Amino acid sequence: MPSMGENLKVNGARLWDSLMDMAKIGPGVAGGNNRQTLTNIDSAGRHLFKDWCETAGCTMGLDTMGNMFATRAGTDPDALPVYVGSHLDTQPTGGKYDGVLGVLSGLEIIRTMNDLDIKTKHPIVVTNWTNEEGTRYAPAMLSSGVFAGLHTQDWAYARVDADGKTFGDELKRIGWQGDEAVGARKMHAFFELHIEQGPILEAEGKDIGVVTHGQGLSWTQITIIGKDAHTGSTPMPMRKNAGLAMARILDKVDQIALSHAPHAVGAAGHIDVFPNSRNVIPGKVVFTVDFRSPDLSVITDMEARLRTEGQAIADAMGMEIEFEKVGGFDPVTFDEGCVGAVRDAAERLGYSHMNLISGAGHDACWINRVAPTAMVMCPCVGGLSHNEAEEISSEWATAGTDVLMHAVLETAEIVG
């Protein structure tokens, strides 16, 4: 049996073949994937994953939120399992790697352990979390959120999609509602491999991102009331242009985020303008400002400055303004021991690496509340994600999985 030396590596070709085989289920129109949660296509992907896991000798567990748990037994029946995984659901125009890499890398770890007859004290469990993307059913990371106690199951079951179908009904319809109580499982640790979804690793020429923190998030919805008026016949001094007020506030958003460089970010991605006609001055705008930072005090400062400076702009322009916080979560600090295992693995294997702060939410962010947790990231081309053109290389996927395996096996304790 091999030791935890630099020669212990996964079968990268097999991992890549698995990624490509899963990508055949729910192909997108432009080379990516459309495998949205709780659809028939999601069910097909789950069946393939289940078949692969059982062929690898794992037993499959399923909880009442549809979370899948493929277990490879350890030598100590009383030892808590080490969990590894991510999600198989995608955006409507998603890529082939976001989430999927984190699940299938866990499967590849099990296959490599079988090939080399590696035994561990702790069981290892490969997990597929339901509805990480939050596209069909908001919010994102829904089922890991229920598992970690942030949401109740009844609340999650009542989430409704655009067609009025509830999460609970659709979970039953596709046949993936288990009997196991959600959140009942106890974890020794949890590890998640994910593509970066940003450009930093590629730009820095690094193989591995050692994720130390996850950014916190704040969503503030702003409504500005001005006055609809004709764009041609209304004198400039007499206008109450809600669109102009929004533009001035968005300029402030940029300034506020830049004042907390380099890790804070801010923008508005959701904007509604009324009446949205070419020859009518906007009389109302509704937009949501998204602030993120790994430091809670920075988020608090950005929220406060947005309200103060936004109110001043509206007052100066003679308009009404309302602020409503519509979402958010606190920053995440991942477990030092698990993060150290990831960093040690990268160094042992000779992969270049750097510390990284995750700019997106992941299931690991919620699981960190109930178990020691860490994340590994690999580069993605141009930092592009949530897009069918999302791309990584086989070498990046293999390096990330090698590091993941070493961190998992160190934590699960090789026997013999």
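I took rings of Phe, Tyr and Trp (its six-membered ring) as paired if their centres lie within 6.5 Å; planes under 30 degrees apart are stacked, over 60 edge-to-face, and the rest tilted. With that rule I found 9 aromatic pairs in the structure.

A note on the source: this is a predicted model, where local features need pLDDT of at least 70 and side-chain atom pairs count only at pLDDT 80 or more, while totals for chains, interfaces and linings use all residues. Residues are numbered from 1 along each chain as its sequence is written, and side-chain values use heavy atoms, leaving out hydrogens and water.

**Rings**

I looked up Phe 69 and Tyr 83 and found an edge-to-face pair, 6.1 Å centre to centre with 85 degrees between the planes. Phe 69 is in strand S2 (residues 68-72) and Tyr 83 in strand S3 (residues 82-86), so the pair ties together parts 14 residues apart in sequence. Helices (H or I, at least four residues) and strands (E, at least two) are DSSP runs, numbered from the N terminus. Both Phe 69 and Tyr 83 are buried, meaning under 20% relative accessible area, with exposed over 50% and partly exposed in between (1.4 Å probe, protein chains only).

Lys 284 lies over the face of Phe 274, at 5.3 Å from the ring centre.

**Sheet**

Which order do the 4 strands of the open sheet take? I read S10-S12-S8-S13, with antiparallel pairing; two strands pair if DSSP finds at least two bridges between them. Strand S10 (265-274) and strand S13 (320-329) are at the edges with a single partner strand each, so one side of each has no neighbour in the sheet. Between S8 (residues 216-225) and S12 (residues 284-293) I found 10 bridges, and Gly 216 has Ser 293 as its bridge partner in S12.

**Cores**

A nonpolar core here is a set of buried Ala, Val, Leu, Ile, Met, Phe, Trp, Tyr and Cys residues joined through side-chain atoms within 4.5 Å. The largest has 88 residues, and those with the most contacts inside it include Phe 49, Leu 101 and Ile 392. Helix H12 (residues 394-412) gives the most to this core, with 10 residues. Apart from it I noted another core of 22 residues, among them Ala 245 and Val 289.

Terms used: A charge sits over a ring if NZ of Lys or CZ of Arg is within 6 Å of the ring centre and within 35 degrees of the ring normal.
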